[in-house]
Amino acid sequence: MSFPPVRRSLPTPEAEGLITMVAEFADDQLAPRAATAEATEEFPRKILAHMGQLGLLTLPFPESLGGGGQGYQIYLQVLEEISMRWASIALSVSVNCLAHQPVVAFGSDAMKSELLPTLMSGTALGAYCLSEVHAGSDPSAIRTSAKRDGNGWVINGTKAWVTHGGAADFYIVFARTSDDPSHGISCFYVPAGTPGLTVGKRESKMGLTSSPTTLIHFDNAHIDDTGLTGLIGEPGDGLRIALSALDAGRLGIAATATGLAQAALNYSLRYAMDREAFGSQIIDYQGVSFMLADMDAQIQSAREMYLAAARLKDSGQPYSREASISKLIATDTVMRVTTDAVQVLGGAGYTRDHPVERYMREAKVMQIFEGTNQIQRMVIARHLVNGNLGKGSR
Ligand SMILES: Cc1cc2nc3c(=O)[nH]c(=O)nc-3n(C[C@H](O)[C@H](O)[C@H](O)COP(=O)(O)OP(=O)(O)OC[C@H]3O[C@@H](n4cnc5c(N)ncnc54)[C@H](O)[C@@H]3O)c2cc1C
């Protein structure tokens, strides 16, 4: 089912063309496949490869490094269009960018000149391994270790919740290199296929079921420190690298959540205009139309918030506070909107004959990953306090 396009204020005709192209591609290639792939838990690697060839997996990175050279305000709207048709694919694009970010921002010259052309060619899919079973909200508690070993490093431990686990071509791994409380964690580029790296249990999830989430085990996994593999940045820089990538990643989740919420509104609006009760279309009842109006207002607010944060990022200004606000607003919005979409459809909304129950299941995790919404509030509160103590708001 296709819906009228979202009204967007785009800065250039080129950006308008990109959004139109993505919307047509997603209508044609993504929307028809989403429900079946989610039901069968099939990861659409071929579709992602095709999207890579179209340049859609690396849009926000500089053209000089082989990326798409798009500002975040454009990239995020592309993500939103993808998520409107299939949220797991938008998650994949967002996580792939999250995994590329440390190489782009902190990689050695050799990584940038020799590795990035391959990574940016669209064939490589990345994974970001920060969380562990006992360390999610508090990444400083991670236990996976990396120890010097000749001209490289040997990694031991288990990473949890790895999106693209088993499907990725490379893993960005955060591991402990010393006990220093603030500089004890380092960041590593680990190619898939490294001996000692094995893929563990695939999680059985409530939603986003086509997207694989697995444990990744490191058992004496040796990586050479060649400048192409191994350490990214300096030893001890890991937490700083992880958190800076997450600021950008949270904007990706905000856009993904906004797109999913828009899909839920579109579907429930169409249903409300068709469905009759007491001799009228249910949209004619204020109890229903006001619910839809609230959904529309909340989605537009979420969109404007992530765009405001993206414009700060695009103009080189700090945006960490705004990224957390965007993630909080958009993911709380998608949870409310998808729940209300089920309500608009009544009993039909509770069945798998309609996609809104799936949207509701998919929405929940967005309040959890890339920092739970409690953690986003902690980040926002910290900015408030620091700003009022004259320490600068970021
Ligand atoms: C589908 C999925 C995909 C994921 N993909 C990735 C990935 O690709 N890479 C990766 O590294 N991680 C990934 N994660 C992990 C995700 O980021 C963590 O689940 C998340 O950060 C929360 O950590 P936790 O699950 O350990 O919860 P916990 O940290 O145990 O938190 C449990 C509860 O306590 C609350 N809480 C914790 N501390 C505080 C506090 N100080 N104040 C108030 N409340 C608090 C939390 O908000 C939460 O409600 C993924 C998770 C899921 C579910």
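So, Thr-333: buried or exposed? With a relative accessibility of 3%, Thr-333 counts as buried, because the cut-off for buried is under 20%. This is a predicted model, by the way, so keep that in mind for everything I say. Thr-333 sits in helix H8. Which residues does Thr-333 touch, if we skip the neighbours within four places in sequence? Those contacts are Gln-298, Ile-299 and Ala-302.

Two of those names come back when we look at helix H7. Ile-299 and Ala-302 are both among the buried residues of H7, and others on that list include Val-288, Met-291, Tyr-306 and Ala-310. What do the buried residues of H7 pack against? They pack against helix H3, which is 72-85, helix H6, which is 238-274, and our friend H8. As for length, H7 has 29 residues, and from its first C-alpha to its last it reaches 41 Å. At 1.5 Å a residue you'd expect 42 Å, so that's close.

Gly-316 belongs to the loop between H7 and helix H8, residues 320-345. Gly-316 is exposed, at a relative accessible area of 67%.

Asp-332 counts as buried at 18% relative accessibility, whereas Arg-377, at 42%, counts as partly exposed.

How many salt bridges turn up in the whole structure? The search finds 15. Another one joins Lys-159 and Glu-132, at 2.9 Å from N to O. Lys-159 is in strand S3 and Glu-132 is in the loop between strands S1 and S2, so this pair ties together parts that are 27 residues apart in sequence. Both Lys-159 and Glu-132 are buried. Then there's Glu-203 with Lys-201, where the closest N and O atoms are 3.0 Å apart. Arg-303 takes us back to H7, where it is one of the buried residues.

Okay, next up, the domains. The assignment gives domain 1 as 13-120, domain 2 as 126-239 and domain 3 as 246-388. The centres of domain 1 and domain 2, taken over C-alpha atoms, are 22 Å apart. Where they meet, 27 residues of domain 1 are in contact with 24 residues of domain 2. About 2100 Å² is buried between them, and carbon and sulfur atoms give 66% of that. On the domain 1 side, Glu-41, Phe-43 and Met-111 supply 25% of the area buried against domain 2, more than any other three residues. How many salt bridges are there between domain 1 and domain 2? The count is 1. Asp-169 and Arg-45 form a salt bridge too, with their closest N and O atoms 2.9 Å apart.

H5 has 12 residues, 109-120, and should span 16 Å; its end C-alpha atoms are 15 Å apart, which agrees. Just after H5, Gly-122 takes a positive phi of about 100 degrees.

Most residues other than glycine have a negative phi. Leu-208 has a positive one, about 50 degrees, and lies in the loop between strands S6 and S7. Phe-278 is near 50 degrees as well, in the loop between strands S9 and S10. Which of these is buried, and which is exposed? Leu-208 is buried, at 3%, while Phe-278 counts as exposed, at 83%.

How values were computed:
Residues numbered from 1 in each chain as written. Predicted model: local features only at pLDDT ≥ 70, side-chain atom pairs only at ≥ 80, totals over all residues. Heavy atoms only, no water. Helix = DSSP H or I, 4+ residues; strand = E, 2+ residues; numbered from the N terminus. Buried < 20%, exposed > 50% of the residue type's maximum accessible area, 1.4 Å probe, protein only. Domains from an automatic or database assignment. Contact = heavy atoms within 4.5 Å. Buried area = accessible area lost by both parts, 1.4 Å probe. Salt bridge = Lys/Arg side-chain N within 4 Å of Asp/Glu carboxyl O.
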